[in-house]
Amino acid sequence: MTAEHSAIELDIAAIVREQLGNATQVKVDRKGRVSVIVPREFARDAAVGLQRLGFDHAIAVSGVDYRSEKRIEVVYFLSSYSRDDLTHVVLSLKVQLDRENPSMPTLTAVWESVNFFEREAYEMFGVNFEGHPNLQKLLLQDNWDGPPPMRKDLKIPELA
Amino acid sequence: MKTMSVAGAFWEGVKHVFKKTFTLKHPYQKRELPDGYRGRHLLYMDRCTGCGICAWICPEKCITLVPAAEEKAYPQNPEGRFPQYWYVRCCFCHFCTDYCPTGALDYTKDYDLAEYEKELIIWSPQRLSKVPEGYEGYRTKFHGWAGVNHVPSAREE
Amino acid sequence: MRLAPGVWVGSLRDLIERVFGAPPLKQLVNWGRIYSLWPVHLMTACCGAEFGAMMGPRYDPERFGMQAATGSLRQSDVLIIEGTVTKKMAKRVKVVWEQMPNPKYAIAMGDCACSGGLFHDSYSIVNEVQKVIPIDVYVPGCPPRPEALLNAVIKLREKIRREEVYSK
Amino acid sequence: MSTLDLNVGPQHPGSGHMRIMVRTDGDLIVEATPDIGYVHRGCEKIAESRNIIKNIPMLCRPNIADDSHLNWSYVAPIEELQGVEVPERGRYIRTILCEINRIASHLYGMSIMAGIFSGHTTMYMFGFGDRELLLDLAEMLTGARLTFSFFVPGGVRRDLPKGFKEKLLETLDHIERRLPAIDRIFVSNPVFIERARGVGILRREHAIRLGVVGPVVRGSGVRCDVRKDAPYGVYDNVDFEIPALKEGDSLSRWLVRFEEIKQSISILRQVIRDIPKGPIARKSPIVVPKGEAISRIESSRGEINHYIVGDGSDKPYRVKMNTGSFKNLSALPFLLKGARIGDMPIIYGSLDYWPVEADR
């Protein structure tokens, strides 16, 4: 941690650590980037806590398929419109899931903006978001029958 | 007030009746393209060594190295293999031109490549090496960024 | 169609086809078609930006009787496939094509429509649009310049000029 | 109460295609469900199979009206992971191209909004005519009209050509002279104001809750812009304002875009005045080091992010694009609910939605 980190990132890290206890790993990557890793069970609590802190919308939700480590990571990137001192911060909330049967509680009740992002992650990685209001196909064609396309199982065929 | 602004909007349109027309009479009147426009490629067959870096960097596999059907031998290219472009795939990013280590590829201002049949859009090395009208060697004026970038010495694919 | 010399038993349609298919009237009909090519605005992907630019003031295809996209398929003659056709869209492209009245023409605009282009190895696109509908002119480019598209329209006009009236 | 289900699209005269499944009661919309994915081309998957240079043209295609922002957003995380810093002149050139692109993109959106969604053909011609001049500038700099593929990890591909500065200033003067005409004929034309004012109102709290970005959120009174909040490029050296209006209707979203054109002109003037001499690019290897990074770039349709995970090879392990249109999509069903069918084109147009960008 270098001196160029402004105080706010360290503050956030301290508050998150305090609220969520030892189950989480909090790290300040650089100026404006904080990452929080939570286990699946605490995802909902962490989300509520972060929302109370001022992170009022998600700018992105991404799945990552770590095939060799047999896990799928769902990353929520959060930012804030309402707190002026947080607008430059992107907090990544990472939830680690089992690759065979990935499933986690939805966070749409906390942030409405993750609705379409979660649908996309469901479609592309097969992550089941429990309690999502409208967990349907979004982008793929109607009769898609392969594996979820963004998983590493689907290889791109070599064409001439 | 509202009537006035509607009248103003009308007047703004009417004014253009008296202005010089913006439209080009296209097939007869062509706009001069700037130097360095990324149109179709020009191949200097006397510089090409057939190394295949262009085919390696091409994002869409539009380049294949083919033996040139030509009597003349090129000493710098012992295998006699030159790039052939399949223009229905080319996205005109010209990374091939920037990455070419010997400067055998160049930009031209030709963009009119439409055909009735798809097979006609394959450009052989001979066709590529035809110098277009009014060409004056654009590449020399544009020191491509590849000059400062890392070009792999051994091809990886 | 002729049973005995001098007795015509074909339908009226045959007669009309013969009269209009013959040289002087044929040229007139084709001339009429050439100057009323109305396009469908089917922006299947990003090439539509250049289609818009072609319809804009600098290139103005109304000089060729190509009216700005009207929106109704039922009065259109030429379908310009503006970019990538995904598998999800291919079905709809066919529906659009079938709704258009004869004679109809299609231009494949851009690399993606011709051969898949940058996305040729994707899991969700149709690489060759001619598998979905017949194509008259291919325009390479990513995206093609408006001039290139305009030249393709001129090429299509030449094709129509040479064509039989009732070939389609 | 009997309702009627309507399918709008996927072939509709608007720009690009998506299907909106609308449930109506009379001409009131009870529920609207967007059905997107008609342009889903699998960019993210293809990006995992090509090296980082080959990915540049492909990952810009999702929004060719706004090519340079997507390009910058893609190369920024790679530069962060590689630890390569772009030379100052390179950052200035990037900013110039991005601002040219922003004006062109807003003019494009405005023309589409006017010409196709509200039947205002004159503005369509005005907008596309002036946009051509900006594209000429971009063409002079990069060699392509729309698809520049101009930013590479480490810098830009070409230096400013001879005579570019004069031509840029000339074009800016011209655009500035044209803005009052555009204002008179479109933005403050009562015919348009009557159609757009009070239509599709998005209040501040709803905008924040839905997480919309760009001119949509600024039209709802949230004064936020990545160029100010987390400056990149040379935006911390230039002086500009963020226009924001609190009404939140379709009109205010367009007024915000119109004001942004003026701000972009002012930025361009400052940047071209201050541009330093020096190298335009640094050496950078074709490799994505182990790690992950996310970029934040303010495109003309809102904040875009590329999340890149690297594993040390020449190909990215994962590229996630988050584009402005996809984020603004969540506002569409919200705004359409309770609106009239006749207002649908105006609401859809006011989001400046680019389907290709949303579907990727």
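This is a predicted model: local features need pLDDT of at least 70, side-chain atom pairs count only at pLDDT 80 or more; totals for chains, interfaces and linings use all residues.
Residues are numbered from 1 along each chain as its sequence is written, while chains are lettered from A and ligands numbered from 1 in the order in which they are written.

**Helix packing in chain D**

- Helices (H or I, at least four residues) and strands (E, at least two) are DSSP runs, numbered from the N terminus.
- The axes of helix 4 and helix 11 (residues 250-274) of chain D come within 9 Å and cross at roughly 155°; axes are lines fitted to C-alpha atoms, for helices over the stretch in contact, and angles run from 0 to 180 degrees between N-to-C directions.
- This crossing of helix 4 and helix 11 of chain D is left-handed, a label given if the near helix is turned anticlockwise from the far one by less than a right angle, with right-handed used if clockwise.
- Residues are in contact if their C-beta atoms, placed from the backbone, lie within 7 Å. On the helix 4 side of chain D, the residues that meet helix 11 include D:Tyr92, D:Arg102 and D:Met113, and those of helix 11 include D:Trp254, D:Glu260 and D:Ile272.
- By class, this contact between helix 4 and helix 11 of chain D has eleven nonpolar, four polar and four charged residues. Here Ala, Val, Leu, Ile, Met, Phe, Trp, Tyr, Cys and Pro count as nonpolar, Asp, Glu, Lys and Arg as charged, and the others, Gly among them, as polar.
- Helix 4 (residues 88-117) of chain D also packs with helix 5 (residues 121-142) of chain D, at an angle of about 160° and with axes 8 Å apart. That makes helix 4 of chain D roughly antiparallel to helix 5 of chain D.
- Helix 4 of chain D passes helix 5 of chain D in a left-handed crossing, and their contact has 16 nonpolar, six polar and two charged residues.

**Strands in chain D**

- Three strands of chain D form an open antiparallel sheet in the order 1-2-3, where strands pair if DSSP finds at least two bridges between them.
- Strand 1 (4-8) and strand 3 (28-35) of chain D are the edge strands, each pairing on one side only.
- On average, neighbouring strands of this sheet are turned by 20° against each other, direction ignored.
- Strand 1 and strand 2 (residues 19-25) of chain D run antiparallel and are joined by five bridges; D:Val8 has D:Ile20 as its bridge partner in strand 2.
- Strand 8 and strand 9 of chain D are likewise antiparallel, with five bridges joining them, and D:His306 stands opposite D:Met321 in strand 9.

- A residue is buried if 20 or more other C-beta atoms lie within 10 Å of its own, exposed if 12 or fewer, and partly exposed in between, with C-beta atoms placed from the backbone.
- In strand 9 of chain D, five of its five residues are buried: D:Arg318, D:Lys320 and D:Asn322 on one side, and D:Val319 and D:Met321 on the other.
- D:Pro345, found in helix 14 (residues 344-350) of chain D, counts as partly exposed because it has 19 C-beta neighbours inside 10 Å.
- D:Pro345 and D:Ile116 are 229 residues apart in sequence, yet 8.6 Å apart in space, C-alpha to C-alpha.

**Chain C**

- Chain C has six helices and six strands, running α-α-β-α-β-β-α-β-α-β-β-α from the N terminus on.
- Of the 168 residues in chain C, 49% are buried.

**Between the chains**

- Chains C and D share the most contacts of the five pairs of chains in contact.
- Chain A and chain B do not touch, and their nearest C-alpha atoms are 8 Å apart.
- In chain D, 29 residues are in contact with 25 residues of chain A. Strand 8 of chain D gives the largest share of the chain D side, four residues.
- That side of chain D, touching chain A, has twelve nonpolar, eight polar and nine charged residues.

Conventions:
Angles under 35 degrees count as roughly parallel, over 145 as roughly antiparallel, 65 to 115 as roughly perpendicular and the rest as oblique. Two residues are in contact if their C-beta atoms, placed from the backbone, lie within 7 Å.
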